[in-house]
Amino acid sequence: MDSNRASWTDGWHEVYRCARRPMSTSDHASRREELARFLAQFPPFQSLEPALLADLAEHIEVRSFPAGAEILRQAADPASHLYVIRRGVVELLDDDHVVDQLGEGDFFGLSVFSHLGPSLSARARVPIECYLIDPDRARAVMGTAAGLALLTSTLARWKERDLVGQHVGHAGVDDRLVSEIAMAQDPASLVETSRQLPSMIRPLLDDGVDPVDIGHVIGMTIDHLALRLIEIFIDAQGEPPAAFAWVALGSAARHEQALTTDQDHAIAYGDRTDIEAIDPYFEGLAAAVADGLEACGIARCEGNVMAVNPAWRRTREGWKQRFGEYVADPDLMGALVAGIAFDYRRVTGPVDIEPALDEVIRAASGDPGFIRRLATTAIKEAPPVGRFRDVVVEHRGEHAGRIDIKRGGITIVTNLARTHAIRAGVTVNRTTERLRSAASAGVIPDRTREDLLEAFRLLWRIRLEHHAEQIERSEAPDDFVDPASLPPITGRALGGSFRAIVAAQKELASELGLAHAR
């Protein structure tokens, strides 16, 4: 270690006093029991043999870190321990960009196994307490079947988050807005901060940023709003009575959101039997988040697919069972479920819900009846293009002379991508990644992939340009676009995109023996 690095480390410990918390002899036994009870709530510790769990509790170190403390530095010294968060929130950063946030029961410090510098920095967002597990015992835990499964899902999640970080970087957005969200002290402050989001769109479009990346930026910003609302609620109401996960659904899960988006979310509990006792707390949490997001301009879901609805608060096993029912029962799997529930992503919380649902989705890829029902949602809506290759506008009503760019194009591509990805047994969420994965698996031709990717990006750019123009006119953004207002080249490309979507629908219908109107 060089002298500069040594002096920085020594100074950091002196300033932050991040020393081991001593335990007196009198409270040692009770503290050990408390540690074991806490760990037993979370994977992979909940699957450990009692003797191994007791040994962990006996040898764990407890350390506290103040808000802002840098616990691990990217590409610096490897972690000396595996860290398990007891309370508080830890941010993972890639070159000063926040790419993930971890909470109670989550772990970090995987460089303890590799002996290489951490791939991400770890910073305390608020005052935190961590349990530190030494390398030998960490290897024993992660070497179990449950540990290996958790490592796999965690690494996959961090890879997904890294992709989000890349999208944010491509969009040229700094952390200013995210930092202001993190510093907001109450929902009213969050509302004021969120008003900056619409003004971000025009500069990004003018700079030629990929419109899909812009949608990811909007989605990630909404994630941060939800996270801060959760933190504010917990600060006011106390620690949650059980482990949980806040789960984004639909476009929120895909990070494909524009300025006219709504809320789709759920809560997953750990495997508990005392739901009636713990549910009132989470009902209050869901209401606080839904109210706060609505105040920030994120509308409530018209179909009530939100955690405020008791049907969208279940245990992990309850969610797995429910997804199995969606797959098996045609009456349950309507368009609402297909278009929202099958896109899911854990935003925060230690309950690792995704692997359980991924298992159901992968198994469903071999169910022909389910795949046909899923495909039906992708072909039943027709893009607004006529038999003579022209774009067909609405002829009457308040939207006469315009087309619904979302319903008539973007949603159809999203549904096609979901169908093809699930056919391939792929559980990624984003539309572009689904199309690439489906083509790699041989489910769709490369030509179809490229046609749909090109159409998807064009439709998103038209949508966001339309929103930006409405904001500049102080109008509420909507998804109804007048094709006559588009530049001639864009107008011709729009018609070509709609025809490419129709061709992809026909291709799917023909392959599965389904009727298609066009």
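Q: What makes the four strands β11-β10-β9-β12 a sheet, and what is the pairing like?
A: Strands here are DSSP runs of E with at least two residues, and helices are runs of H or I with at least four, numbered from the N terminus. Two strands pair if DSSP finds at least two bridges between them. In this predicted model, β11, β10, β9 and β12 form an open sheet in that order, and the pairing is mixed. At the edges are β11 and β12, each pairing on one side only. From one strand to the next the twist averages 35°.

A quick word on the source: residues count from 1 along each chain as its sequence is written, and side-chain values use heavy atoms, with hydrogens and water left out. As the model is predicted, local features need pLDDT of at least 70 and side-chain atom pairs count only at pLDDT 80 or more, while totals for chains, interfaces and linings use all residues.

Q: How do you know that β9 pairs with β12?
A: Pairing takes at least two bridges, and four bridges join β9 (residues 244-249) to β12, running antiparallel. One to look for is Trp246, whose partner in β12 is Thr348. Trp246 also has a bridge partner in β10, namely Ile267. Between β9 and β10 (residues 265-269) there are five bridges, again in the antiparallel sense.

Q: Why is β12 called largely enclosed?
A: Buried means under 20% relative accessible area, exposed means over 50%, and partly exposed is in between (1.4 Å probe, protein chains only). Five of the five residues of β12 (residues 344-348) are buried, so the rest of the structure largely encloses this strand.

Q: What lies across β9 and β12?
A: That's helix α10 (residues 211-237), running at about 50° to β12. Angles run from 0 to 180 degrees between N-to-C directions, with axes fitted as lines to C-alpha atoms, for helices over the stretch in contact.

Q: Why is α16 called roughly antiparallel to α17?
A: Angles under 35 degrees count as roughly parallel, over 145 as roughly antiparallel, 65 to 115 as roughly perpendicular and the rest as oblique. Helix α16 (residues 368-379) and helix α17 (residues 406-423) pack at about 165°, with their axes 8 Å apart. That makes the two roughly antiparallel.

Q: Which residues of α16 and α17 meet?
A: Contact means heavy atoms within 4.5 Å. From α16 come Phe370, Ile371, Leu374, Ala375, Thr377 and Ala378, and they meet Ile412, Asn415, Leu416, Arg418, Thr419, Ile422 and Arg423 of α17.

Q: What makes the phi of Asn304 worth a look?
A: Most residues other than glycine have a negative phi, and most peptide bonds are trans. Asn304 isn't a glycine, yet its phi is positive, about 60°. Ser474 has a positive phi too, near 60°.

Q: How do you know that the peptide bond joining Pro43 and Pro44 is cis?
A: Its omega is about 0°. You'll find Pro44 in the loop between α2 (25-39) and α3 (50-59).
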